[in-house]
Amino acid sequence: MSPKNVVNPAALAEEFIQDEIHERTHDRHVWMLRVKRDKAALGIPEWEELRELASQIKEHALTHLDQYLEQFEANARKRGAHVHWARDAAEHNAIVYEILRSHGVRDLIKAKSMLQEECVMTPFLETRGIRVTETDLGERIQQLDQQVPSHIVLPAIHKTRQDIARLFAQAIGSDPNNDAPHYLVEAMRKDIRAKFLAAGAGMTGANFAVAETGSFVVCTNEGNADLGTALPPLHIASIGIEKIIPKVEHLAVFIRLLSRNATGAPITQYTSHFTGPRKGGEMHIVLVDNGRSQRLGLEDFWRSLKCIRCGACMNTCPVFRRSGGLAYGATYAGPIGVILDPTFDDKKYSELPYHSTLCGSCSAVCPVKIDISEQIMKWRRVMAAKGYMPLVKRTALRLAGKVFGSPVIFRGLAALGEGFLKYIPDFLLYQDKLNPWGRHRDMPEVPKQTFREWYRKERGNHASKKS
Ligand code: SF4
């Protein structure tokens with residue numbers, strides 16, 4: 001049991017896996033993305049060089065961030081954009097609201113932005129009378145269902161087609177029995193078109209902000225960011241300060257990696273460059289810190305700022321695939337969430353670093369070579385040092401340390417465990433409270449011979465003399 005105000009990912013995962021169909025479908029769909037990603041990566045002979053280059057560009061940009069941010073600001077202003085700086089989420093939301101209020105905007109359409117999620121911007125604006133409509137299909141599904149995104153690239157990946165058909169029937173009056181993707185997309189397209197036309201402003205995030213030009217790039221597959229910025233006269237973009245890259249030529253490296261690593265597609269359908277406001281329009285850029293400069297000063301964790309939000313670490317993670325993204329109880333789910341979320345509130349997210357097998361698959365697929373699994377391990381150390389580890393876990397790990405630290409105790413307990421597993425009746429072995437692990441799995445069969453016995457037999461007494 002987790003203390004109050006501490007997110008308990010195990011309990012949230014338990015809710016998700018209650019429904020086996022959801023668990024299985026989620027696992028299958030997310031793994032499919034990983035398979036497609038591998039195929040796409042294998043098609044590029046210089047893939048590893050690209051990863052290395054991307055990692056180096058990001059490291060360079062982050063270690064010269066002050067300089068590139070100022071360059072970006074100056075160039076964006078030269079192109080006619082208004083540039084604002086937000087220290088935190090509250091400042092970001094206040095700036096956005098003030099721009100909308102002063103322009104008399106009541107209807108806002110927005111493209112997907114994890115930063116705006118991080119700032120909890122939509123509820124902030126809605127309580128002040130602004131109607132906000134998500135225009136990315138997955139985000140819109142989540143908005144209608146009053147849920148946060150469960151995946152940074154595919155916000156509604158934890159839902160089945162049937163879930164969406166039911167939701168759309170309630171929310172927009174479509175046929176609840178028709179779950180054909182084409183029908184559902186068409187129903188949403190019709191519903192949302194009027195909102196595009198009525199909006200007084202469009203908002204986007206940014207995948208990359210280029211210092212040498214003052215422009216930024218938004219990658220989407222639906223064209224919603226383009227329509228949302230082409231129709232209303234006012235465009236507001238929220239950009240995390242870590243999105244800066246020095247030059248346009250660096251974009252090529254990231255664009256080649258991003259969608260291949262995310263979904264296996266060679267490129268996103270739309271890679272839109274925004275350089276100043278469109279003719280007759282107005283553009284505001286809000287550069288947001290919200291804990292990023294503090295993270296930059298964390299010796300063990302600053303490299304998490306290199307993330308380009310491709311989602312591949314989620315798709316490959318055996319825990320994420322089974323638990324679903326909502327189990328992380330935070331803006332960012334999956335392995336990247338495990339290392340980012342505690343930088344916002346280490347106590348609240350103190351159990352997230354244990355929501356991982358430490359298999360290292362996340363680090364292996366990361367296009368910017370973030371040492372994700374190593375950082376997860378380091379977060380565990382931080383949580384233990386801060387005393388956030390629950391008493392039961394602390395005691396169990398202390399005991400484990402003693403057992404593994406002493407060959408005599410280890411051998412004694414191994415022999416005891418062997419007998420225990422062989423002779424204990426099933427109704428006790430699978431007693432729910434004693435052995436929750438056994439709820440969905442059989443205990444392993446006790447081998448006829450332990451490794452030590454095999455080793456002694458095969459190699460003589462050499463091993464036992466040494467130990
Ligand atoms: S940590 Fe790496 S793999 Fe995960 S979302 Fe970020 S860039 Fe992608």
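**A first look at the fold**

Modeller: Happy to. Among the contacts in the protein with a separation of 6 or more, residues 24 or more positions apart account for 71%. Please keep in mind that this is a predicted model.

Biologist: Thanks! How many helices and strands does the secondary structure of the protein come to?

Modeller: Both kinds of element are present in this protein. The count comes to 23 helices and 10 strands.

Biologist: What radius of gyration does the protein have, and what would a compact globule with 467 residues have?

Modeller: For 467 residues, a compact globule would come out near 23 Å, and the value for the protein agrees with that. Along the principal axes, its C-alpha atoms fill a box of roughly 85 × 55 × 45 Å. The radius of gyration itself is 25 Å.

Biologist: What share of the residues counts as buried?

Modeller: A residue counts as buried when its relative accessible area is under 20%. The protein still exposes about 23,300 Å², with carbon and sulfur atoms supplying 56% of that area. Of its 467 residues, the buried share is 48%.

Biologist: How far apart do the centres of the positive and negative side chains lie?

Modeller: There are 63 positive and 53 negative side chains to consider.

Biologist: Let us turn to helix α1. Which residues in it are buried, and why do they lie on the same side?

Modeller: An α-helix has 3.6 residues a turn, so residues three or four places apart point the same way. In α1, which runs over residues 9-17, the buried residues are Pro9, Ala13 and Phe16. They lie on the same side of α1 because they cover an arc of only 55° around the axis.

Biologist: Is Asn290 buried or exposed, and what is its relative accessible area?

Modeller: Asn290 sits in the loop between β10 (282-288) and α13 (292-296). Its phi is near 45°, a positive value in a residue other than glycine. Because the limit for buried is under 20%, Asn290 counts as buried, with a relative accessible area of 12%.

Biologist: What is phi of Lys369, and what is its relative accessibility?

Modeller: You will find Lys369 in the loop between α17 (361-365) and α18. Lys369 is not a glycine, yet its phi is positive, near 55°. Lys369 counts as partly exposed, since its relative accessibility is 33%.

Biologist: Where is Arg381, and how far in space is it from Leu413?

Modeller: Arg381 lies in helix α18 (residues 372-385). With a relative accessibility of 54%, Arg381 counts as exposed. Arg381 and Leu413 are 32 residues apart in sequence, and in space, C-alpha to C-alpha, they are 27 Å apart.

Biologist: Which residues is Gln147 in contact with, leaving aside its neighbours within four places in sequence?

Modeller: Gln147 has its place in the loop between α8 (137-144) and α9 (161-172). Gln147 counts as partly exposed, because its relative accessibility is 30%. With those neighbours left aside, its contacts are Gln142, His158, Lys159 and Leu326.

Biologist: How far is Lys433 from Asp179 in space?

Modeller: Lys433 is found in the loop between α21 (426-429) and α22. Its relative accessibility is 76%, so Lys433 counts as exposed. Lys433 and Asp179 are 254 residues apart in sequence, and their C-alpha to C-alpha distance is 40 Å.

Biologist: One last stop: what separates the C-alpha atoms of Tyr455 and Thr204?

Modeller: Tyr455 belongs to helix α22 (residues 451-459). Tyr455 counts as partly exposed, as its relative accessibility is 24%. Tyr455 and Thr204 are 251 residues apart along the chain, and the separation of their C-alpha atoms is 62 Å.

Methods: Residues numbered from 1 in each chain as written. Predicted model: local features only at pLDDT ≥ 70, side-chain atom pairs only at ≥ 80, totals over all residues. Heavy atoms only, no water. Helix = DSSP H or I, 4+ residues; strand = E, 2+ residues; numbered from the N terminus. Rg over C-alpha atoms; globule rule 2.2 N^0.38 Å. Buried < 20%, exposed > 50% of the residue type's maximum accessible area, 1.4 Å probe, protein only. Contact = heavy atoms within 4.5 Å. Areas by Shrake-Rupley, 256 points an atom, 1.4 Å probe, with all protein chains shown as cover. Lys, Arg positive; Asp, Glu negative; His and termini not counted. Charge placed at Lys NZ, Arg CZ, Asp CG, Glu CD. Arc of directions from axis to C-beta.
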